[in-house]
Amino acid sequence: MPGLLEALRGFAAGTLDRDAYLRACAARADECEPWLKAFVTRVPADDLRVAAQGPLAGIPIGVKDIIATAGLRTTNGSAIFADHVPIEDAAIVSTIKRLGGTVFGKTVTTEFAFRHPGATVNPWNAAHTPGGSSSGSAAAVAAGIVPLALGTQTMGSIVRPAAYCGVVGFKASFGAVPREGVHPLSGSLDHVGFMARCVDDVAYALALLGDPGYALADGSDLASFRLDPRSGLDPLPAPSLALVCAPDWDRVDAQQKALLEQVASTLRRSGAAVEEVVLPEIGPPALGALQQILGYEALDIYGGLVERHPDRASARLKGLVEGSRDITPAGYARARRAQREMRAALSTRLSGYDAILTVPASGEAPAGLDDTGDASWCAPWTFLGFPAVTVPAGRSARGLPLGVQLVGTFGRDIPTLRVAKWVETVLGQAS
């Protein structure tokens, strides 16, 4: 099934019909959904409509089920909201519709985008998790049901499932993509982002769906970012990369470590300067402060909800609430200050590099569906609000996808995507 820009090029050339493409996506969902379970709610095929015009006309998009869709059930992955139907669209959904895109359905999320998993399986091996919390979005894109899906990330919920499912996942800098109408987990950490089959596709999504007034690091705003779907993103050749082997490097699987080393060698041979950089800050200091922020803000959002609906809240959500009661306002303030200071300090320290090269996860998607995996290798960059993108880079011995993660400093979203495009191209040529 064609990806996002591939489909748009086909529409423009007259070699692909919009209605036929939409029907083919619906047929693919019919084929996969009985076992994949990527969607909580699908728009019936007969109700799917192609807009008359707009840059996304004919493109079906999966919307994570914590993102409000007017008139379409939005459960937040929770029994508490099992029958909830919003009366207004989230800001990003409103933009999608204005640009001609088609909301295809609501993709499975873990409960309130935390840790209690939904029913989705990994499309490469149904005995393995697809990751989370954007489980359904990653699986739907990987299975060829939709060319683009929305996800959210508070710790590792876009990058990790994208890596597990073998697709591209992009989390922009904090605040670059509108969050109005997205059910919060932690207002200081929540990000909205994109999953697609190539870097060009997520870059195009950012150009269309990001906040046009968002200030980038170079002083421009996001409205200045334009991407021609005919040519795609201009790659940044021979970049300078900081190779970061942290945090918890001893817990990274040997296959994932070997893949990162192989990718670094391939990129060096293609002209990149790759230098190992040690960043102790992104271990316990960042992860500890993140947990303080997450816990304090989640308690405020979910404490009363859990008390009112104890029979419909998972043990994991209850554990988050109870484990956060001892976080003091002073401790929270210190964590927020550490977040601001570390963001500024590392943006300065890494200013000589075009991006960080690191792992997106400890390795392949874990077996079983009771847990969505460990976010430790994504969470520091989310804490800092840095843009991050995972690029598929290989397979494990069991045939499951493995990826690498490219991370930029705060506000350098476009250069980070350009680096990712170059890496994707080099790895494609080397395969």
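Helix 8 crosses helix 9 in a left-handed way. Keep in mind as you look around that this is a predicted model.

Let's stay with that pair of helices for a moment. Two packed helices are described by the angle between their axes and the distance between the axes. Here, helix 8 covers residues 284-308 and helix 9 covers residues 315-323, and they pack at an angle of about 120 degrees with their axes 8 Å apart. That angle makes helix 8 oblique to helix 9. If you want to find the contact on screen, look in helix 8 for G295, A298, L299, Y302, G303 and V306, which meet L317, K318, L320 and V321 in helix 9. Sorted by class, the residues of this contact come out as 7 nonpolar, 2 polar and 1 charged.

Now for another pair, helix 6 and helix 12. Helix 6 is residues 199-209, helix 12 is residues 413-430, and the two pack at an angle of about 165 degrees with axes 9 Å apart. An angle over 145 degrees counts as roughly antiparallel, and helix 6 and helix 12 are therefore roughly antiparallel to each other. Their crossing is left-handed. On the helix 6 side, the contact uses V199, D200, V202, A203 and L206, while helix 12 brings D413, I414, L417, A420, K421 and E424. In this contact of helix 6 with helix 12 there are 7 nonpolar and 4 charged residues, with no polar ones.

Helix 6 has another residue to look at, D201. Is D201 buried or exposed? D201 has a relative accessible area of 1%, so it is buried. Leaving out residues up to four places away in sequence, D201 touches G3, L4, L5 and A196.

Next, the cysteines. A disulfide is a covalent bond between the sulfur atoms of two cysteines. How many disulfides does the structure hold? The count is 0. Take C165: the closest cysteine sulfur is in C32, and at 12 Å from the sulfur of C165 that is too far for a bond. C198 is in no disulfide either, as its nearest cysteine sulfur, the one in C25, is 15 Å away. What about their surroundings? C165 has 0% relative accessibility, so it counts as buried. C198, at 22%, counts as partly exposed.

Time for the backbone. Most residues other than glycine have a negative phi, and most peptide bonds are trans.

| Where | Feature | Value |
|---|---|---|
| G132 and S133 | cis peptide bond | omega about 10 degrees |
| A246 and P247 | cis peptide bond | omega about -5 degrees |
| K37 | positive phi | phi near 60 degrees |
| F112 | positive phi | phi near 50 degrees |

Where do these spots sit? S133 is in the loop that runs between strand 3 (102-107) and helix 4 (135-142). F112 is also found in the loop between strand 3 and helix 4. For P247, go to the loop between strand 7 (240-243) and helix 7 (254-269). K37 has its place in the loop between helix 2 (18-36) and strand 1 (39-42).

K37 has a relative accessible area of 36%, which means it is partly exposed. F112 is at 2% relative accessibility, so F112 counts as buried.

One last stop is S135, a residue of helix 4. Which residues does S135 touch, not counting those up to four places away in sequence? They are V108, T110, T120 and P130. With a relative accessible area of 3%, S135 is buried.

Conventions. Residues are numbered from 1 along each chain as its sequence is written. This is a predicted model: local features need pLDDT of at least 70, side-chain atom pairs count only at pLDDT 80 or more; totals for chains, interfaces and linings use all residues. Side-chain values use heavy atoms; hydrogens and water are left out. Axes are lines fitted to C-alpha atoms, for helices over the stretch in contact, and angles run from 0 to 180 degrees between N-to-C directions. Helices (H or I, at least four residues) and strands (E, at least two) are DSSP runs, numbered from the N terminus. Angles under 35 degrees count as roughly parallel, over 145 as roughly antiparallel, 65 to 115 as roughly perpendicular and the rest as oblique. A crossing is left-handed if the near helix is turned anticlockwise from the far one by less than a right angle, and right-handed if clockwise. Contact means heavy atoms within 4.5 Å. Ala, Val, Leu, Ile, Met, Phe, Trp, Tyr, Cys and Pro count as nonpolar, Asp, Glu, Lys and Arg as charged, and the others, Gly among them, as polar. A disulfide is a pair of cysteine sulfur atoms within 2.5 Å. Buried means under 20% relative accessible area, exposed over 50%, partly exposed in between (1.4 Å probe, protein chains only).
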